[in-house]
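Please look through the structure below with its sequence at hand.

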Amino acid sequence: METEPKKEKKEKVPRQKMPEQAPQERIANFNEVPLGYSPETAILEAKRCIQCKKPGCIEGCPVDVRIPEFIKRIAEGDFLGAARKLKETNGLPAVCGRVCPQEDQCEKFCILGKKGEPVAIGRLERFAADYERDTNQVVVPEKPAPNGKKIAVVGAGPSGLTIAGDLVKLGYEVTIFEALHKAGGVLVYGIPEFRLPKAIVEAEVDYLRGLGVKIVLNALVGRIKTVDELFEEGYDAVYLAVGAGAPVFMNIPGENLNGIYSANEYLTRSNLMKAYRFPEYDTPIVRGKNVAVVGGGNVAMDSVRTALRLGADNAYIIYRRSETEMPARIEEVHHAREEGVQFKLLTNPVEYLGDKDGWVTGIRCLRMELGEPDASGRRSPVPVVGSEFVIDVDTVVVAVGTMANPIVPSTTPGLETNRWGYIVTKGESGETTRKGVYAGGDIVTGSATVILAMGAGRKAAQAIDAYLSGKK
Amino acid sequence: MYAVVAAKQLSEAVFRMDILAPEIARKRKAGQFVILKIDEKGERIPLTIVDSDPVRGTITIIYQVVGKTTAAMSALKEGDAFQDVQGPLGNPTEIEVFGHAVCVGGGVGVGVIYPITKALKEKGNRVTSIIGARTKDLIILESEMRAASDELVVCTDDGSYGFNGFVSAVLQQIIDRGEKIDHVFAIGPVPMMRVIANLTRPYAIPTTVSLNPIMVDATGMCGACRVEVGGKTKFTCVDGPEFDGHQVNFDLLASRLRMYCEEEKQSYEKHRCGWNGN
């Protein structure tokens, strides 16, 4: 590459930094941390893209965003064109530009990353989507002629929203049934405002409504109606995108003491119910001074950073492996550390201690060392004998994962699930063991990322279309 | 929006409300509940569905004013509306032919036990009911419970009406006179359910209780409503709300119900100040 002077010249422009709220300032508010590129910075960054003929970045994208094409438009100053190019394959670009693990997807395959730093694809995606929305230039595409077929989507999270958008654009009548009082799934209950402002999710949901998608809130399928009843009501196919919502606890003594939350509850109270604005909003949350979050994923980082913003003096991550094995995005770990989160690595809780009123006061922990890799490929933690110690806390958030929610599978005869309760599908189509029933997202894969759930929605949309239009 | 179709004060702090929610009204079964959210800033609170009218499309709830949300609800009139009503939630009561069933209800718990009593009676059980409250004015649903039971005993702690004493004393009398009891349903304040469960345990009378822990999403997602039953953690919203009373850890339930005492006070005070125009 060095022999080609043109490309070498482009390499000289460094990857553009994302302006951010300063750590000391941001831990006192819930406003978004990264502030977004200015148009000038976006153009500068977009011009770094060398427009590869065989772009690896697209292969790294679960929803096949035409990455070089949208970036080219930004480089030319055609920001709206970029946004619309994005939306051809990605219904939620403002969301993905914020929460996708780009370093493991598109950016990982960027040729510039081989010798230097990859193009900031995620930041550019966010910029284009924000530009279109902030300048009120979102255009709802013309609706196709209805094809007379009805689809029920269960769950208004990333996967459900994506498939709804894709199918409605093909002429289907799409209704989403959402159990909560707000659409968005994990985007509204799980991911904090400082990482994904709720106004953005609302804008994306409104866009879908504009496309003609019907969203029925407060409707828990499995209780208000079963999958069988949806077919009786005349739906031609059902897509199950109910997520892996059930929280996992470690089943150690004292885990039900007051002050101990699942990450789902902690984040739902704070994000969906706006407990951080209590008592203006009615839902309370414990504002601990010494808060420990158990786990090392993105959800753990979201929880611990929430704890800081709720006023914790000490906010700890307790993780049983080392930082190398942490599943959280590097950027999130970095943000947490900048904000003063204390990492208690190679540490595993074995018991919660409480006071006479039933409140948690401490966590008895063991130090760990790393042994051989386990099934997940990460090195297994092994307890160090006699290493017990206590961390004083008044609040704990357990963020060690989730499992399948049982409500839909248990009320849908003939729907096969695996030993962990996840719905079994045939390949990438999302086809389940029940005719006309498709599934995707976390209820199939277990907890994964927003973009993978969206990818599953896209593939299932194609499969359902093929099934209902007799192409199969 | 879910319109309030009728609102009525039953006693000093207990209110009854019919809310328009046609799909829930058609679908709900005894033992199930709804989550209500009054407005954008409101908290999600669970309340049992006491009754429903599938023709009119209404569900009935009964609640006691204990905090900000219930106080705000008590101010709602016919024509006002809830922003959100989610349901029916939880597993329906398993209504079997037990033979002789005894339904014990305390305070607003009578509202919860009433649909179960009715369903047990309709199924062909002989039903004895015991309902109680602190004082006469706090007794609710007496005529409805009488209609749904073969026999009804009303108790008041202060003796102002009916039997002078606790519901447990009446249950003990029934047991003492040698009457066979095949199943007990006990719903009311935690101390009452604990006493009843402790009373029936030595006689090995199967005893079902309905638990009312703090909940948030009520779909099995958040784990706020976890309780300990038979030494295992259960989520009341998906595993319950009814459990074997002999297996429930009532101490833990009582403790977890106190988790937000301070915040509830703060919220209620702020709300009351709002009423006074402050």
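**Two helices in contact**

In α5(A), the residues A:I67, A:F70, A:I71 and A:I74 meet A:I121, A:L124, A:E125, A:F127 and A:A128 in α9(A), where contact means heavy atoms within 4.5 Å. By class, this contact of α5(A) with α9(A) has eight nonpolar residues, no polar residues and one charged residue (Ala, Val, Leu, Ile, Met, Phe, Trp, Tyr, Cys and Pro count as nonpolar; Asp, Glu, Lys and Arg as charged; the others, Gly among them, as polar).

This is a predicted model: local features need pLDDT of at least 70, side-chain atom pairs count only at pLDDT 80 or more, and totals for chains, interfaces and linings use all residues. Residues are numbered from 1 along each chain as its sequence is written, chains are lettered from A and ligands numbered from 1 in the order in which they are written, and side-chain values use heavy atoms, with hydrogens and water left out.

Two packed helices are described by the angle between their axes and the distance between the axes. Helix α5 (residues 67–75) and helix α9 (residues 121–134), both of chain A, pack at an angle of about 60°, and their axes are 11 Å apart. Helices (H or I, at least four residues) and strands (E, at least two) are DSSP runs, numbered from the N terminus; axes are lines fitted to C-alpha atoms, for helices over the stretch in contact, and angles run from 0 to 180 degrees between N-to-C directions. The angle therefore makes α5(A) oblique to α9(A) (under 35 degrees counts as roughly parallel, over 145 as roughly antiparallel, 65 to 115 as roughly perpendicular and the rest as oblique).

**A sheet in chain B**

Chain B holds an open sheet of three strands in the order β4-β3-β8, with antiparallel pairing; two strands pair if DSSP finds at least two bridges between them. At the edges stand β4 (45–48) and β8 (84–89) of chain B, each with a single partner strand, so one side of each has no neighbour in the sheet. Strand β3 (residues 33–37) of chain B is joined to β4(B) by four bridges, and B:V34 stands opposite B:L47 in β4(B).
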